[in-house]
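Thanks for coming, everyone. Let me put it up.

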Amino acid sequence: MADELSAVVVDDHPAVRAGVAYWLSCGTPPIRVAASGEDVRSAWLGEGADADVVILDLHLGGPTPVLGDLRRLVEAGRRVVVYSMRADDDIALQCLELGALCYLTKAEGAEHLVQATRAAAEGRSYTPPSLAGALAGDRSDHRPALSAREVEVLVEWFQSESKEFVAQRLGISLSTVNSHLERIRVKYALIGREAPTKAALVARAIQDGLIGVDDL
């Protein structure tokens, strides 16, 4: 039997921490909350430091989003699900750009949180309904709206022997490289242009003018 998945819940509202712990415990199989607390120290200390997934509220005791804390967690190789009251595409995309594996609003409920946490534990991104529009971007020209960083990661990957080399070249973690590539695939899938393999992504990138054949 596989080891039980664990999470650390960082949220400044005790009721939210309790609710998240209950939802995760009711999953099939259940996900154990190893630690929880009102600030990000919970993710760095004690059992929280070893949890498979960090469930991070974006506003901890103030109006300013904790993007610096998110960046530090991702750079340390942590798998982060941002769980926030804010339902705005710009901040969601900013969190994903920093390497969060999912941006989930608190309006989306238990099922999506459990699925997002399970996906994050496996290093996969998860796209809830509220994010589909933000990730797909402007579909008018049938091209996904890739961020500058996503294009950079994609082109580096095409020109490299491994994702590890991409991480080294760009100064980011391997998990961040994987999350960027997973989001690129999600964006293509959302507009009906699936690209499940590296070869398929190369073809899409050439079609969309992101890279030329001579660059490969």
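So, how far is the sulfur of Cys102 from the closest cysteine sulfur? That distance is 10 Å, to Cys95, which is too far for a bond. Quick caveats: this is a predicted model, where local features need pLDDT of at least 70 and side-chain atom pairs count only at pLDDT 80 or more, while totals for chains, interfaces and linings use all residues. Residues are numbered from 1 along each chain as its sequence is written, and side-chain values use heavy atoms, leaving out hydrogens and water.

Back to the cysteines. A disulfide is a covalent bond between the sulfur atoms of two cysteines. Here we call one when two cysteine sulfur atoms lie within 2.5 Å, and the structure holds zero of them. Cys26 is in none either: the nearest cysteine sulfur, in Cys102, is 20 Å away.

How do those two sit, buried or exposed? Buried means under 20% relative accessible area, exposed over 50%, and partly exposed in between, with a 1.4 Å probe and protein chains only. Cys102 is buried at 1%, and Cys26 is partly exposed at 45%.

Now look around Cys102. Strand S5, residues 102-105, is covered on both faces: Cys102 and Leu104 are buried on one side, Tyr103 and Thr105 on the other. Strands here are DSSP E runs of at least two residues, helices H or I runs of at least four, numbered from the N terminus. S5 runs parallel to S4, residues 80-84, with four bridges joining them; Val81 has Cys102 as its bridge partner.

Methods:
Pairing = 2+ DSSP bridges.
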